[in-house]
Amino acid sequence: MASKPNGNPITGMTNDREHDGGAIFVLESKGNWWHTGFHLTTAIVGPTILALPYVFRGLGWILGFFCLTVMGVVTFYSYYLMSKVLELCENQGRRHIRFRELASDVLGSGGMFYFVIFIQTAINTGITIGTILLSADSIKILYSNLVPDGPLKLYHFIMMVTFVMILLSQLPSFHSLRYINFGSLLLSLGYTSLVVGACIHAGSSKTAPPKDYSLNPKKSTRAFDAFTSISIIAAIFGNGIFPEIQATMAPPATGKMVKGLLMCYTVIVLTFYSASISGYWAFGSQSASNVLKNLLPDDGPALAPTWVMGLIVIFVILQLLAIGLVYSQVAYEIMETQSANVKEGMYSKRNLIPRLLLRSLYMIVCAFFAAMLPFFGDINGIVGAIGFIPLDFVLPMLLYNMTHKPTKTSLTYWINISIMVVFTGAGIMGTFSSDEYSSWGFLFELHLQAHGLLFLIDGSAPPTEIDKNILTQLDALCRQWMFSTMAKDLMLTVLKSGKTARELWDHLQKLFQDNKGNRAATLESKFVNLKFVDCASIDDYCDKLKSLSDRLNGLDFPMNAKRLVIQLVNGLPEEYNTVASFIQQSMPTFDAARSQLRTEEIRHTQQTSMASSTALAATDSST
């Protein structure tokens, strides 16, 4: 666990900085503004770019452009405010190099210190796990195409990636990643250019899919898709380690960070818009959550040259390694704050051995979870919702209002308040539907806890320093947050159900708990009737089954693991009878059964492709 600021939690660790191994070794301040530009670009501009056509699929052309632009402007503004807060503290003699001590200093709360640690740990560890898993999965894709019947499995590639990450993790400081992150910047430009070219090639070819840009005809589904897309954009623009990146610059930092932000957002404009436009233009309403799935469809030939797709995957793998290193730095800083002796040198035996052991152990633990979490995409979405929104859309605005103290009648004050309310509501709405009340309740409680307002709904006594008028305003704000995250029909149902936030919360809880049986019956019906023919691929089929199972668990109707595997087999078509029989006899875990079915799917695809090639060759020879 990270050390809470020594002495007074308001002043942070300033007095002990000369004995702080995490500050001196990991967050050493030697960089220039362009180095921070490299770090920021690596932290924000990653392979998540490949999901942007899917975002436009849920929003359409006009709203897609609007939301992408607004999110870019808001996040730039947010990071700019954060840099101004850090500069103000530095000018007042309190240079903060960690997000957690900055929040604790300005907000005057030891609890906020631990809250930021929790959120940062969730983001950083989650992204590190994700980069290991996605890198390994990308290598496996290349391997499967080159050696279709090869013996290596995903966990073999996870081990390989982990070994490389362990080696790279021994780079001692954040600043020492500057050249790697410059390479990451070039890689992002490289694979984005290749993806844009591949999409243009696919969209203009004779075999191009029909272009359809219509949205879902059902109004409620269309609204939910839009909020989901907005949440994805928020996660794509997320950072969460801005103070730690600014800490790598040699002081004074005044004005320098803005230059780094301008470099980063120049790359964002070049990559985000080009990938969005080309991908959505080529595939429209058929855009997958990863545009590479459109370019490499399971049921047909590749829509781009093989060498281009191979190069894209290689570039993505290399950049994922850099991203994993960047988001590991907070964990390394916490480790060295506890373990390092600053009186010894950075490369002394006393510090080198603990660094080697602790960082290697951290990567091994992340690899273990990567191997255990085949559905990391869902987990990463949750991490983005509960992590990036508080750190990038709430705290920067709150910290600026508290340090620079704009008047409550000023435009700046109300812009900041509006951003906090609107983007928090949009983020929660992206995860809220009528059969996911437990997820919404968890996220809403977490949101109130972040603001120190949990007493408004849990019945605990409010702080004594809050007078009655302020308490009334806070209660009204809480109810406003609830209403802003509900579908319109639900809001009208509960609009007059409570005069206080506590009464409204209790009414919602009773409403969903009482209706639990009916919703479980509906989900059970969907679960039993789901068939592979209704899905795009084995992965899509397995994801939908697992999602229905998880939602039933959330309603206190747990799904037996064997029942899940049996239903997986029951929904398969006849051509999967052989592998289905084997699964029924051996009864493996759901993840193992999924892996076996994915292998069988690849075999079927290859057989179909070979049959098509043979038929074409026979036709050519006859003519």
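How many of the residues of helix α4 (residues 99–107) are buried? In this predicted model, 9 of its 9 residues are buried, so the helix is mostly covered. Here buried means under 20% relative accessible area, exposed means over 50%, and partly exposed lies in between, with a 1.4 Å probe and protein chains only. Helices (H or I, at least four residues) and strands (E, at least two) are DSSP runs, numbered from the N terminus.

The model is predicted: local features need pLDDT of at least 70, side-chain atom pairs count only at pLDDT 80 or more, and totals for chains, interfaces and linings use all residues. Residues are numbered from 1 along each chain as its sequence is written, and side-chain values use heavy atoms, with hydrogens and water left out.

The buried residues of α4 include Phe-99, Arg-100, Glu-101 and Asp-105. Leu-102, Ala-103, Ser-104, Val-106 and Leu-107 of α4 are buried as well. Just after α4, Gly-108 takes a positive phi of about 65°.

**Salt bridges**

Side chains of opposite charge can pair when their charged atoms come close. A salt bridge is taken as a side-chain nitrogen of Lys or Arg within 4 Å of a carboxyl oxygen of Asp or Glu. By this rule the model has 15 salt bridges.

| Glu-87 | Lys-84 | 3.7 Å |

Lys-84 and Glu-87 both sit in helix α3 (residues 52–91), and because they are 3 residues apart, about one helical turn separates them. Lys-84 is partly exposed at 27% relative accessible area, whereas Glu-87 is buried at 5%.

Glu-336 is buried at 4% relative accessible area, and Arg-359 is buried at 1%.

Asp-543 is partly exposed at 29%, while Arg-594 is buried at 5%.

**Ser-360 in helix α13**

Ser-360 lies in helix α13 (residues 349–372). Its relative accessibility is 13%, so Ser-360 counts as buried. Leaving out residues up to four places away in sequence, Ser-360 touches Ile-166, Gln-170 and Arg-355, where contact means heavy atoms within 4.5 Å.

Which loop holds Lys-405? Lys-405 is placed between α14 (376–403) and α15 (411–429). Although Lys-405 is not a glycine, its phi is positive, at about 50°. With 59% relative accessibility, Lys-405 counts as exposed.

Met-587 occupies the loop between α24 (577–586) and α25 (590–622). The phi of Met-587 is near 45°, again a positive value in a residue other than glycine. Met-587 has 26% relative accessibility and therefore counts as partly exposed.
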